[in-house]
Structures are given as structure tokens and as C-alpha cells.
Amino acid sequence: MHVKQLETFIRIVETGSFAGAAQAMHTTQSTISARMRELEAGLGVALFDRSGHRATLTPRGRALLARAREMVGLAADIAREIGDTRAAAGVVRIGVAGLVAMTWLPRLMGALRERFPGVAVQLEVALTTPLVDKLGAGELDVSIVTGPVRGAGLECVSLGYDQFVWMAPAALPVPRRALTPVELAQWPILGLSEASHHYPVIDDWFRAGNAAYQPVVSCSNVRVLADLTLAGLGISLLPRRSCQHAVDAGQLRVIETRPALPPVEFVALHKRDLIDPLAAAVAALARETSEFSLTSSPSPSRRPAAPPPSTS
């Protein structure tokens, strides 16, 4: 009996099939089947009922599951606490929200390459909801997304907060005083689309102020919204830190609102019972390299502001 066989056994249970386990472990289905034949032969019992479409545990398989997780967990603890992280190998699949991708993702990738040189990274940039769904389906190992996110079996590591504020191009004659949602709604809004995880917060903010959130242009990409705003097409809700350089240069102007929108938390998610310690290590490294503010107050970030979104 080998740890890899027990890891494979757990992956089959988690994904519900031999094919799903093969995808999660970056190997072939024939390799997965061979490992299970060897494990079952060594134990002298059948662990799965293979008569249906899903891999269903037999009573002996159910009895093994908890002990298999204990043994694999202990092996992971040994690797994490005693082993050399530079010797880690394999593939880690990371999903990243757009704002992270356009700001401090290179910093995280550099830290990953330095700390885990033997690990290959597969990146996917998308919205929060599909990234969380893919994590749950076993198609990603870590998702760095907009929070809060709650889900059974998910470990959530806070990466800090970013303050989103309404901004206008310098040439747009928006009043220089605090505006209510009703007053703000009179101007052309370039807004986040319904697919955005942050959309309900914005929509609720307008509704609470007896106004309707009706963007003249909807987009799920913050960088594109910033570019359109810089082009003078309207006002938009943008991350203060990422756009501060454009504000300092006089290209954009912050619109004060009454009330202000709450800060946006970002989190790194991975499965709580994941048998590979690499995902937890990546989540911890994301917290270490994050450039978001550690508190939810609208104070300046703990690191210097990034360059403004590209207008090219």
C-alpha cells in the first residue's frame, strides 16, 4: 500500500469517477485504474462498485476512506513541515480575478517560481463565480477571487481589501460635492455587468438610495471600464489604488458619494480537505504577496500604488 494509491482513492471519491480523478491528478485514466487494482489486490477487497456510471464505494471502501485521509494528511504534514519546498513538483492550477491579474499577479508568480521552482503553474483569468465553480468541480486547485465566498469544504484565506470609488474623467462636469445615488444616476454610467460578483452590491447601493443601476455600457473587465472612463465616455466604479496614478495626473477625478460603498475583500480559496499541501501553500503565498489593504478601512494600501490601467 502506497500513499499515492490512497491519494488516488480519495480523488476518485471526491470527483465521483476515475476520469475525474485522472484530470485532477494530471494523469491518465488507465494509470488511475491500475493504482486501484493494485490497492484492492493488496487489501484483498473491492473498494468500488463499478456496476454503475459513478464510482460508488463498497462498505469496505467507506471504512477505508477516513483512515486513508488520515494517512495522506499525515504524509502531507511531513512533506510541508520537514521537506524542502524547492523539491516540490507537479502542476498547480490557479484561477485569478481580473483585478488581481492586472495588479499584483506578477509579484505572486515571481514568488511562486522562487519558492517552488519545480512546480508548473496553469493560470486562468475569469470572473469570481466561474472560478469558484471550477474549484468546486476539481478543475482548479486555488481560486483568487472577490469575497466573501462561503462553501462547504472550502478554506478561505483573506488577502485584504480594495476600496472601489466612483471616478469621472477630468473633462466631465460632475459636481464637486458628495452625490447621492439619485444624483449619480443622472450621469452616463460605465458599469460592471450582472455576471460580476460585485454587481449585487452596486445594485443594492442604488436601490437603497431610491435609484436604478442602469449602465449605458456594461462590462465584466475593470481594466476596460477604466480605459473607457479615461476616454471620457462616462463615470465608473473603479479600484482607488490601481487608478490613483491617473487621479494624481489629473486624468480622473474621484466622485465623493453619500453613502460610500463598502470596501471589497479578496480571498484565496482551496479545498479544506485537499490532499496536496501545495494549494494551501499557494494560498498562504498569495496572502504574503497581496498588495491589498489588510484592513477594511479606506486607508492607503500597505504598498505603493501600481501604475494606472493602460489606455492602449
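Helices (H or I, at least four residues) and strands (E, at least two) are DSSP runs, numbered from the N terminus. Asn-210 sits in the loop between helix 9 (199-208) and strand 9 (217-219). This is a predicted model: local features need pLDDT of at least 70, side-chain atom pairs count only at pLDDT 80 or more, and totals for chains, interfaces and linings use all residues. Residues are numbered from 1 along each chain as its sequence is written, and side-chain values use heavy atoms, with hydrogens and water left out.

Most residues other than glycine have a negative phi, and most peptide bonds are trans. Asn-210 is not a glycine, yet its phi is positive, about 60°. Asn-210 is also exposed, at a relative accessible area of 70%. (Exposed means over 50% relative accessible area, buried under 20%, and partly exposed in between, with a 1.4 Å probe and protein chains only.)

Now look at another loop, between strand 11 (252-255) and strand 12 (264-271). Pro-259 is found there. The peptide bond from Arg-258 to Pro-259 is cis, with omega near 5°.

Turn next to helix 6 (residues 105-115). Its buried residues are Leu-105, Leu-108, Met-109, Ala-111 and Leu-112. Seen down the axis of helix 6, they fall within an arc of 160°, so they line one face of the helix. The arc is that of the directions from the helix axis to the C-beta atoms. On the face turned away from the buried side, helix 6 carries the exposed residues Pro-106 and Glu-114. What do the buried residues of helix 6 pack against? Their partners are strand 3 (90-96), helix 5 (98-101), strand 4 (119-125), strand 5 (142-146) and helix 12 (278-289). Contact here means heavy atoms within 4.5 Å.

Take helix 12 from that list. The axes of helix 6 and helix 12 come within 9 Å and cross at roughly 130°. Axes are lines fitted to C-alpha atoms, for helices over the stretch in contact, and angles run from 0 to 180 degrees between N-to-C directions. Helix 6 and helix 12 are therefore oblique to each other. (Angles under 35 degrees count as roughly parallel, over 145 as roughly antiparallel, 65 to 115 as roughly perpendicular and the rest as oblique.) In helix 6, Arg-107, Leu-108, Ala-111, Leu-112 and Arg-115 meet Val-282, Leu-285, Ala-286, Glu-288 and Thr-289 of helix 12.

Finish with helix 1 (residues 3-15) and helix 3 (residues 29-43). They pack at an angle of about 115°, with axes 9 Å apart. That makes helix 1 roughly perpendicular to helix 3.
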